[in-house]
Amino acid sequence: MAIRQLSETLINQIAAGEVIERPASAAKELIENALDAGATRIEIATSGGGKALLRVSDNGSGMDAADLELAVRRHCTSKISETLEDIRTLGFRGEALPSIGSVARLSIASRRRDSAGGHEIAVAGGKIAHLRPAAANPGTIVEVRDLFFATPARLKFLKTEKAEAGAITEIVKRMAIAFPAVRFVLSGSDRTTLEFPATGDDHLARMAQVLGKDFRDNAIALDAVREEISLTGFAGVPTFNRGNSAHQYAFVNGRPVQDKLILSAIRGAYAETIPSGRYPVAVLAITLDPALVDVNVHPAKSDVRFRDPGLVRGLIVGAIREALARDGSRAATTGASDMLRSFRAGFQPNSQRPQAQWSAETSPSRPYQPTTGFGERPQASFDGLSMPTARAEPQSSPQPAAPEANARYPLGAARAQIHANYIVAQTEDGLVIVDQHAAHERLVFEAMRKALHSKRLASQVLLIPEIVDIPEEDCDRLMQHAAELSELGLAIERFGPGAIAVRETPAMLGEVDAHGLIRQLADEIAEWDTASGLSAKLEYVAATMACHGSVRSGRRLRPEEMNALLREMEVTPGSGQCNHGRPTYIELKLSDIERLFGRS
């Protein structure tokens, strides 16, 4: 078979298969062009999920007649010259507009600010129409209709209109976060209008527009530099998490990316602080020399390659962990909000309660009827109480610190323990409810993690070894890592083909459920792949062991024990959440409580 040159239209349609995968891909390319043109206002309109109509209007620099004719031709761009080592714009390949024009009906109307009039050019299925004058405001309007009409097979692979419209919304959100000084408006017949007013240099205000106002209250600022790479942005406290990773945003030199290295680094930074199946909320902006990153990995430009990926990963993990250690111990404000909603659901204003039929016997305005006094049956339960008195009695034994003094601590003074698991503490301006098991689990884990970097953890020898029956393959996995487990104070030996003998357990854990601990460790090691060393997973093992050695739910604590737990939480990094990412305490301000009772 003879080799022949493909036509320009077919070449563009092949390129469109990678550049324009769906309407959201076209929206991304057009918005990037508008931003590169210096636009401060970008409006996006859609219909039919972007398949029927996608219009992007901007107030950027615009194009003259000569630029328009070149813009719809392949590999024509004003953004690079002869090298790919210094790319400082979002677009640079010169493929987006000709690719769109090869599979859709494309029209572009543009006018420069210093020009008396504008021009328009159209492309339909790869066929370029003649350039003609057009009335236009300064800037550019790009309109895409009937996407993939020239390649109908691609339409079969698109999702529903609602799903495609949602993908375009996500693209606009990412662009809006990256460029807070630009006003974005997203509208159309297939959606409700979404507007992000410009916030100037206030990046956190723009993030609050996109991620919700709760993010502002639960975000920790990031600002770190390592060698020639800087990292800024905000990371949510661990208890402020979501059910998927859609709320993780990463930008490299202002370019929104979905890079596996960055997402993996975020997961690593939040290890042992986020529950399984939950994801942190984070916005990271990485700035570095363009020569140190390759953005030409894929035509969609969503993946990048760093010259030193280890340095970038270490910077992300280190910066987030340092921020969490500094300010991540607080509980998410959404916990108190959820509690307030639960309370309000249980309260109904008197005006909304069903009114019982009036009767003279139950009316609060009924005549006063004298009773027999405190001797009647309803008052019998008060017989054992002593009368209140202001008399001061001398104390023969030392007393603990006054609750009022303890209340000045961040987590306050313990006032009660309810259901043998929750500590209620009073602070200067509210109250705190602490999950004693979750809190102590975190404290034990942090102590074990600290000891990991110094020496072997102290262990306690069992008088009679615990024999745990588990499958033979689990025994093999555990024994491969016996030395590493010994560093944590857990000494195990093989006891036949399908059993493990536990001879020592970590001293700081006290009484341990050895059977449950060994079985859980075996399951986790099997999931991690036995080919990899356990040394990188020792903190995961420590978290598992801490859970098995913490104050259990149902144990009653003395007041001094509860206060000691609160004081230790205040000085322990990450004490706002347990090893599984659940909150360890919820704080309720006095103003919130007063609102519940209509006092403010």
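This dialogue covers a helix pair and several salt bridges in a predicted model.

Student: At what angle do the axes of helix α9 and helix α10 cross?

Tutor: The axes of α9 (residues 260-269) and α10 (residues 309-327) cross at roughly 35° and come within 9 Å. The crossing is right-handed.

Student: Which residues of α9 and α10 meet?

Tutor: From α9, L261, I262, S264, A265, I266, G268 and A269 take part; from α10, the partners are P309, V312, R313, I316, V317, I320, R321 and L324. By class, this contact has eleven nonpolar, two polar and two charged residues.

Student: How many salt bridges does a search of the whole structure find?

Tutor: Side chains of opposite charge can pair when their charged atoms come close. The search finds 21 salt bridges in the whole structure. One of them joins E32 and K28, at 2.8 Å from N to O. Both residues lie in helix α2 (residues 23-36), four residues apart, about one turn of the helix.

Student: Are E32 and K28 buried or exposed?

Tutor: Buried means under 20% relative accessible area. E32 has 1% and so counts as buried; K28, with 11%, is buried too.

Student: Where does the salt bridge of R494 and D476 sit in the chain?

Tutor: The R494 and D476 side chains meet at 2.9 Å, N to O. This pair links distant parts of the chain, with R494 in strand β23 (residues 491-494) and D476 in helix α14 (residues 472-480), 18 residues apart. R494 is partly exposed at 32% relative accessibility, and D476 is partly exposed at 33%.

Student: Which residues do salt bridges with shared partners join into one network?

Tutor: The network consists of R41, E43, R183 and E195. Within it, the side chains of E43 and R41 meet at 3.9 Å, N to O.

Technical notes:
Residues are numbered from 1 along each chain as its sequence is written. This is a predicted model: local features need pLDDT of at least 70, side-chain atom pairs count only at pLDDT 80 or more; totals for chains, interfaces and linings use all residues. Side-chain values use heavy atoms; hydrogens and water are left out. Axes are lines fitted to C-alpha atoms, for helices over the stretch in contact, and angles run from 0 to 180 degrees between N-to-C directions. Helices (H or I, at least four residues) and strands (E, at least two) are DSSP runs, numbered from the N terminus. A crossing is left-handed if the near helix is turned anticlockwise from the far one by less than a right angle, and right-handed if clockwise. Contact means heavy atoms within 4.5 Å. Ala, Val, Leu, Ile, Met, Phe, Trp, Tyr, Cys and Pro count as nonpolar, Asp, Glu, Lys and Arg as charged, and the others, Gly among them, as polar. A salt bridge is a side-chain nitrogen of Lys or Arg within 4 Å of a carboxyl oxygen of Asp or Glu. Buried means under 20% relative accessible area, exposed over 50%, partly exposed in between (1.4 Å probe, protein chains only).
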